[in-house]
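Please walk me through this structure from its sheets and helices to the contact between its chains. A plain account will do.

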Amino acid sequence: MIGSPAMSINPKTLPRPTPETRHFWEGAKLGELRLQQCDACTHVYFPPRPFCPECASRQVSVVRASGRATLYSYVINHRLPKWIDAPYAIAVVQLEEGPRMMTNILGVPQTPEALVLDMPLEVVFESVSADIALPKFRPARGGAR
Amino acid sequence: MKPGAVAIVGAAETTRLGLVPDMSQIQLHADAALNALADCGLTPKDIDGVACAAEWPTELAHYLGITPTWVDGTMVGGCSFMLHVRHAAAAIAEGLCTTVLITDGESGRSWVGSQAVGINQASLAGQFELPYGVLGAPTMFTIPVLRYMKDHGLTHEQLANVAVVQREWAGMNPRATHRDPITVQDVLDSKLIAYPFHVLECCLVTDGGGALVLTSAERAKDFPTRPVYILGTGESVETPMISQMQDFTSSRAFRVSGAKAFAEAGITHADVDHLMIYDAFAHLPIYGLEDLGFVGKGEAGAFIWERHTAPGGKLPMNTNGGGLSYMHSGMYGMYALQESVRQLRGIAPAQVAGAKTSVCHGVGGMFGASGTIIMGNALP
């Protein structure tokens with residue numbers, strides 16, 4: 001992808017799913033960004049846990065997010081690890097449903113000029129191992145989900 | 001807790017700071033401890049309470065030959081020592097112990113006898129942050145600042161200026177790692193670490209340690225040192241994940257901890273003569289000044305630019321040079337506490353004339369935790 005950071009993956013930085021997060025990683029493999037919503041108070045939250053962090057109800061559902069987000073904040077890392085060969089942005093995006101998550105931004109030069117706060121983004125999934133696809137974001141083309 | 005019930009009677013740093021490759025981490029704790037005990041005329045046998053971070057209290061007590069009746073191994077990052085002071089003050093006031101030793105020591109640069117702690121790949125941070133190329137504090141602690149800059153109009157020059165002003169203080173301190181004056185342009189021209197942060201906006205990486213001895217205010221009168229009374233304390237935690245910080249322009253842990261300490265001390269901001277705000281990176285004093293209530297939202301960058309925290313200003317801040325220029329072994333909170341004590345004893349290299357009340361505010365993790373200690377050199 002043009003302007004994407006050349007980010008090969010260090011196996012020591014791969015997520016190790018737990019029983020409480022497995023639904024998220026299973027969804028990611030299928031190309032779905034999964035959040036959770038409280039059945040009692042309707043709060044939508046991330047990262048995963050089997051109860052509502054707002055009201056503590058254990059009655060929660062897995063919901064599919066739209067994949068639409070905006071760029072909330074970021075840094076561009078210039079102190080590169082051995083397995084990455086060019087500066088790259090570590091970003092936090094604001095999901096349409098409310099929660100925020102850390103990610104990388106693809107399809108755009110990793111520069112302050114190209115990475116403009118509040119720009120609209122959409123989720124894409126990057127397969128990094130047999131079991132793991134990482135949700136990443138690119139400038140919105142209007143189609144998410 | 002009653003303001004002034006407990007006092008710091010012994011305080012010292014390691015004999016040497018900066019590059020100390022001939023001492024292991026536990027020995028840095030011991031070196032600082034022996035210096036602090038000598039400072040107040042005690043020996044390890046006089047200590048019945050121990051608290052530390054970076055090492056276990058078990059390790060420390062055994063190494064120094066202490067038989068404690070109270071221990072605290074609270075470890076929430078760099079402000080752990082503020083929490084130790086708070087917990088120790090409560091323990092002494094409650095009679096759980098009489099004389100507490102708090103130590104820090106880190107071979108942060110030489111890595112002698114210390115162990116790197118990685119992120120657990122199964123933790124939430126391990127699953128939802130680590131895969132995105134985060135590489136230590138410079139790539140995480142810094143993430144919120146672009147949001148702050150957009151929302152509040154903080155400029156790159158104002159951010160750089162935090163390091164410039166602290167270098168002025170460091171220039172007056174013979175023990176500071178960096179003492180040569182720098183300009184805003186020097187900072188902006190220095191190596192980019194994680195945009196928008198340059199190397200001069202990031203803390204040092206050094207070896208060293210510090211220790212404190214606390215006892216009741218009543219006993220403090222019998223010590224050779226000038227007592228520094230604990231007037232108010234606060235602590236809190238928010239999140240181990242920078243991406244999940246509620247508000248990228250303000251720290252909840254700072255607000256909760258700071259408000260608690262001010263309420264307990266029963267003082268106002270106008271009563272504060274001296275301020276320490278843990279500066280692992282240049283944005284922290286900006287968040288701290290606002291979240292502690294010294295200035296309004298979005299005003300801190302201009303406040304520092306107008307030299308209110310600089311030498312000669314109305315609110316002298318980070319007068320040792322801070323983590324940016326004095327020293328930072330990984331968990332800087334202990335060094336901030338040491339400088340507050342020196343200022344209130346009247347023996348600081350860059351002494352604030354007549355300082356009576358000092359606020360010392362620490363951060364732990366990456367906006368993950370906070371501890372605030374308000375001290376005074378007179379009983380309220």
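This is a predicted model: local features need pLDDT of at least 70, side-chain atom pairs count only at pLDDT 80 or more; totals for chains, interfaces and linings use all residues.

In the loop between β2 and α2 of chain B lies B:A54. The phi of B:A54 is near 85°, which is a positive value in a residue other than glycine.

The chain around the sheet can be described next. The secondary structure of chain B comes to 13 helices and eleven strands. Along the principal axes, the C-alpha trace of chain B spans about 55 × 45 × 35 Å. A compact globule with 380 residues would have a radius of gyration near 21 Å, and the 19 Å of chain B agrees with that.

Two helix pairs show how helices of chain B pack. In one of them, helix α3 (residues 80–94) of chain B and helix α13 (residues 333–345) of chain B have axes 7 Å apart and meet at an angle of about 60°. That angle makes α3(B) oblique to α13(B). From α3(B), the contact is made by B:S80, B:F81, B:M82 and B:V85, and from α13(B) by B:G333, B:M334 and B:L337. Of the residues in this contact, five are nonpolar, two are polar and none is charged.

In another pair, helix α9 (residues 252–265) of chain B packs with helix α10 (residues 284–291) of chain B at an angle of about 50°, with the axes 9 Å apart. α9(B) and α10(B) are therefore oblique to each other, and their crossing is right-handed. On the α9(B) side, the contact consists of B:F254, B:R255 and B:G258, which meet B:Y287, B:G288 and B:D291 in α10(B). The residues of this contact divide into two nonpolar, two polar and two charged.

Chain A has one helix and eight strands, and along the sequence its pattern is α-β-β-β-β-β-β-β-β. Its radius of gyration is 16 Å, close to the 15 Å that the globule rule gives for 145 residues, so chain A is as compact as a globular protein of that length. Taken along the principal axes, the C-alpha atoms of chain A fill a box of roughly 45 × 30 × 25 Å.

Chain A contains an open sheet of three strands, in the order β2-β1-β3 and with antiparallel pairing. Its edge strands are β2 (44–45) and β3 (60–64) of chain A, each of which pairs on one side only. Strand β1 (residues 34–38) of chain A is joined to β3(A) by five bridges, and the two run antiparallel. Within this sheet, A:L35 stands opposite A:V63 in β3(A). The loop between β2 and β3 of chain A holds A:P47, and the peptide bond from A:F46 to A:P47 is cis, with omega near -5°.

How many residues does each chain bring to the contact between them? Chain B gives 27 residues and chain A gives 30 residues. On the side of chain B, α4 (124–128), α5 (145–152) and β5 (192–195) each supply at least two residues. The residues on that side divide into 17 nonpolar, seven polar and three charged. Strand pairing also links the chains: two bridges join strand β4 (residues 68–77) of chain A to β5(B), and these strands run antiparallel. The bridge partner of A:N77 in β5(B) is B:A194. The peptide bond from B:Y195 to B:P196 is cis, with omega near 10°, and B:P196 lies in the loop between β5 and β6 (197–198) of chain B.

Key:
Residues are numbered from 1 along each chain as its sequence is written. Chains are lettered from A and ligands numbered from 1 in the order in which they are written. Axes are lines fitted to C-alpha atoms, for helices over the stretch in contact, and angles run from 0 to 180 degrees between N-to-C directions. Helices (H or I, at least four residues) and strands (E, at least two) are DSSP runs, numbered from the N terminus. Angles under 35 degrees count as roughly parallel, over 145 as roughly antiparallel, 65 to 115 as roughly perpendicular and the rest as oblique. A crossing is left-handed if the near helix is turned anticlockwise from the far one by less than a right angle, and right-handed if clockwise. Two residues are in contact if their C-beta atoms, placed from the backbone, lie within 7 Å. Ala, Val, Leu, Ile, Met, Phe, Trp, Tyr, Cys and Pro count as nonpolar, Asp, Glu, Lys and Arg as charged, and the others, Gly among them, as polar. Two strands pair if DSSP finds at least two bridges between them. The radius of gyration is taken over C-alpha atoms; the globule rule is 2.2 Å times the number of residues to the power 0.38.
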